[in-house]
Amino acid sequence: MNRREFLTNVATKAAGGAVIGLAAGCTFSATPAAQEVQQAIAQDTALPELKWEMATSWPPSVDILFGSAQLFTDVVRTLTGGKLQITARAAGELAPGTQVLDVVAQGAVPIGHTASYYYIGKTPATAFGTTVPFGLTAQQQNSWLYGGGGMELMQQLYADRFNVLPLPAGNTGMQMGGWFRREINTVADLQGLKMRIPGLGGQIMARLGVNVQVLAAGEIFQALQTGAVDAAEWVGPYDDQKLGLNTVAQYYYRPGWWEPGSSLEVNVNLDEWKKLPELYQVAIQSAAAYANLVMLSRYEAANDAALAELIASGTQLREYSPEIMSAAYAEWQNLAEEFSAQDSDFKAIYEQWNAFRSTISNWNKTNEFAFTSFVFNQG
């Protein structure tokens with residue numbers, strides 16, 4: 001094995017945590033093995049020194065989301081001995097938060113960090129890269145992407161449609177159902193309601209009578225505060241508290257049926273990707289997988305305490321009524337059928353995804369559901 005192959009193989013182990021580690025607070029730290037790789041790469045004069053700017057969909061105020069993008073760049077820098085330096089930029093610096101894929105596809109920016117469902121206007125099939133209503137939990141989503149053929153399907157879609165390589169690079173876990181300025185109990189209560197909600201969940205809400213708006217994270221608070229919207233969803237207790245949504249809306253609904261396990265992704269322009277040495281490609285793949293693990297872990301660890309604080313400060317926790325849930329589920333079934341008839345990419349991915357969903361749901365019901373049902377009932 002030559003020196004370059006050795007370095008590439010060592011970098012590959014990073015996805016499994018062999019040469020990178022977590023310090024307190026989920027920050028990145030390099031192990032002694034990683035430091036050896038850094039030194040070896042730094043001495044390899046054949047490897048180019050590159051500086052990339054990365055567009056993101058996140059303001060710095062949502063520190064787990066934006067912090068995970070920064071973690072990704074830190075890992076890439078370490079695994080390439082500082083020769084590939086990527087700087088994460090907040091939403092609006094290089095592109096609006098909902099146009100990251102656009103600038104990466106155009107080649108205006110080589111790399112981005114975003115959510116695929118922001119781009120369903122291009123093809124609804126992009127939604128599967130993040131989540132779809134009544135879909136997969138976070139672990140099920142990862143299983144589909146890493147073990148069920150999902151990543152290959154999404155990468156082929158992006159290559160064909162956008163000349164972009166997508167890589168899973170974060171997951172929020174199960175999201176909440178949004179903030180409302182007044183209670184909603186029936187489908188009739190949704191009529192004419194103005195709500196910030198993106199993706200296919202937004203399309204379902206629109207079918208239920210909601211006036212849907214798509215706003216970037218940094219715009220949600222002001223829109224809710226001024227009454228430009230009557231309701232808004234973002235992620236969950238930790239992030240929503242960071243944005244101050246609890247100070248401008250009282251009622252907090254669950255569950256976020258439109259986002260049961262939302263993946264975020266790194267997008268790389270394929271022309272730029274093909275120019276990279278293999279070692280740099282491995283570093284990017286490994287860093288994305290690492291960020292995927294860390295983001296989900298941080299959200300799962302932070303949300304319960306944040307929810308307790310919200311409730312203590314006056315937030316009223318509510319649950320979507322069976323009427324609303326059933327109506328939303330029926331509209332999702334209708335929407336999936338319509339998209340399948342209209343978009344061949346959606347149809348192909350949906351059929352494969354739905355088959356996977358059936359098998360993994362059966363396994364969860366067989367084993368994990370029995371365990372959690374018992375444990376949760378113990379109090």
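Visitor: What share of the contacts in the protein chain with a separation of 6 or more comes from residues 24 or more positions apart?

Guide: Such residues account for 77% of those contacts. Please keep in mind that this is a predicted model.

Visitor: How many helices and strands are there in the chain?

Guide: The protein chain has 14 helices and 13 strands.

Visitor: And what percentage of the residues count as buried?

Guide: Of the 379 residues in the protein chain, 54% count as buried.

Visitor: Which residues touch the most other members of the largest nonpolar core?

Guide: They are Phe72, Trp234, Ile284 and Tyr320, in a core of 116 residues. Helix α11, which covers residues 278-312, supplies the largest share of this core, with 15 residues.

Visitor: Let us take Tyr320. What is it in contact with, leaving aside neighbours within four places in sequence?

Guide: Tyr320 is in contact with Gly177, Phe180, Ile184, Met195, Met205, Tyr253, Arg254, Pro255, Trp257, Trp258 and Met325.

Visitor: Now to helix packing. How is a pair of packed helices described, and what are the values for α6 and α13?

Guide: Two packed helices are described by the angle between their axes and by the distance between those axes. For α6 (residues 150-162) and α13 (residues 344-366), the axes come within 11 Å and cross at roughly 170°.

Visitor: Are α6 and α13 roughly parallel or antiparallel to each other?

Guide: Angles over 145 degrees count as roughly antiparallel, and α6 and α13 are therefore roughly antiparallel to each other.

Visitor: Which residues make the contact?

Guide: Helix α6 contributes Leu153, Met154, Leu157 and Arg161, while α13 contributes Asp345, Ile349 and Gln352. By type, the residues of this contact divide into four nonpolar, one polar and two charged.

Visitor: Which residues are linked with Arg161 in a network of salt bridges?

Guide: Arg161 is linked with Asp343 and Asp345 in such a network.

Visitor: How many salt bridges does the structure hold?

Guide: It holds 12 salt bridges. In general, side chains of opposite charge can pair when their charged atoms come close.

Visitor: What about glutamate 53: which residue does it form a salt bridge with?

Guide: Its partner is arginine 89, and the closest N and O atoms are 2.6 Å apart. Glutamate 53 is in strand β3 (residues 50-56) and arginine 89 is in strand β4 (residues 84-89), so this pair ties together parts that are 36 residues apart in sequence. Glutamate 53 is partly exposed, at 30% relative accessible area, and arginine 89 also counts as partly exposed, at 28%.

Visitor: Where are glutamate 183 and arginine 318, the pair that links distant parts of the chain?

Guide: Glutamate 183 is in the loop between β7 (179-180) and β8 (194-196), whereas arginine 318 is in strand β13 (residues 316-319), 135 residues apart. Their side chains meet in a salt bridge of 2.9 Å, N to O. Glutamate 183 has 34% relative accessibility and counts as partly exposed; arginine 318, with 25%, counts as partly exposed.

Visitor: What is the distance for the salt bridge of glutamate 338 with arginine 207?

Guide: The closest N and O atoms of that salt bridge are 2.4 Å apart. Glutamate 338 belongs to helix α12 (residues 322-342) and arginine 207 to helix α7 (residues 199-207), and the two are 131 residues apart.

Visitor: Next, glutamine 141. Is it buried or exposed?

Guide: Glutamine 141 has a relative accessible area of 2% and is buried, because buried means under 20%. This residue is placed in helix α5 (residues 138-147). Among its contacts beyond four places in sequence are Phe128, Asn171 and Ser263.

Visitor: Finally, where does glutamine 155 lie, and what does it touch?

Guide: Glutamine 155 lies in helix α6. It touches Val164, Leu165, Pro166 and Leu167, not counting residues up to four places away in sequence. The C-alpha atoms of glutamine 155 and leucine 165 are separated by 5.8 Å, with the two residues 10 apart along the chain. Glutamine 155 is partly exposed, at 23% relative accessible area.

How values were computed:
Residues are numbered from 1 along each chain as its sequence is written. This is a predicted model: local features need pLDDT of at least 70, side-chain atom pairs count only at pLDDT 80 or more; totals for chains, interfaces and linings use all residues. Side-chain values use heavy atoms; hydrogens and water are left out. A nonpolar core is a set of buried Ala, Val, Leu, Ile, Met, Phe, Trp, Tyr and Cys residues joined through side-chain atoms within 4.5 Å. Buried means under 20% relative accessible area, exposed over 50%, partly exposed in between (1.4 Å probe, protein chains only). Helices (H or I, at least four residues) and strands (E, at least two) are DSSP runs, numbered from the N terminus. Contact means heavy atoms within 4.5 Å. Axes are lines fitted to C-alpha atoms, for helices over the stretch in contact, and angles run from 0 to 180 degrees between N-to-C directions. Angles under 35 degrees count as roughly parallel, over 145 as roughly antiparallel, 65 to 115 as roughly perpendicular and the rest as oblique. Ala, Val, Leu, Ile, Met, Phe, Trp, Tyr, Cys and Pro count as nonpolar, Asp, Glu, Lys and Arg as charged, and the others, Gly among them, as polar. A salt bridge is a side-chain nitrogen of Lys or Arg within 4 Å of a carboxyl oxygen of Asp or Glu.
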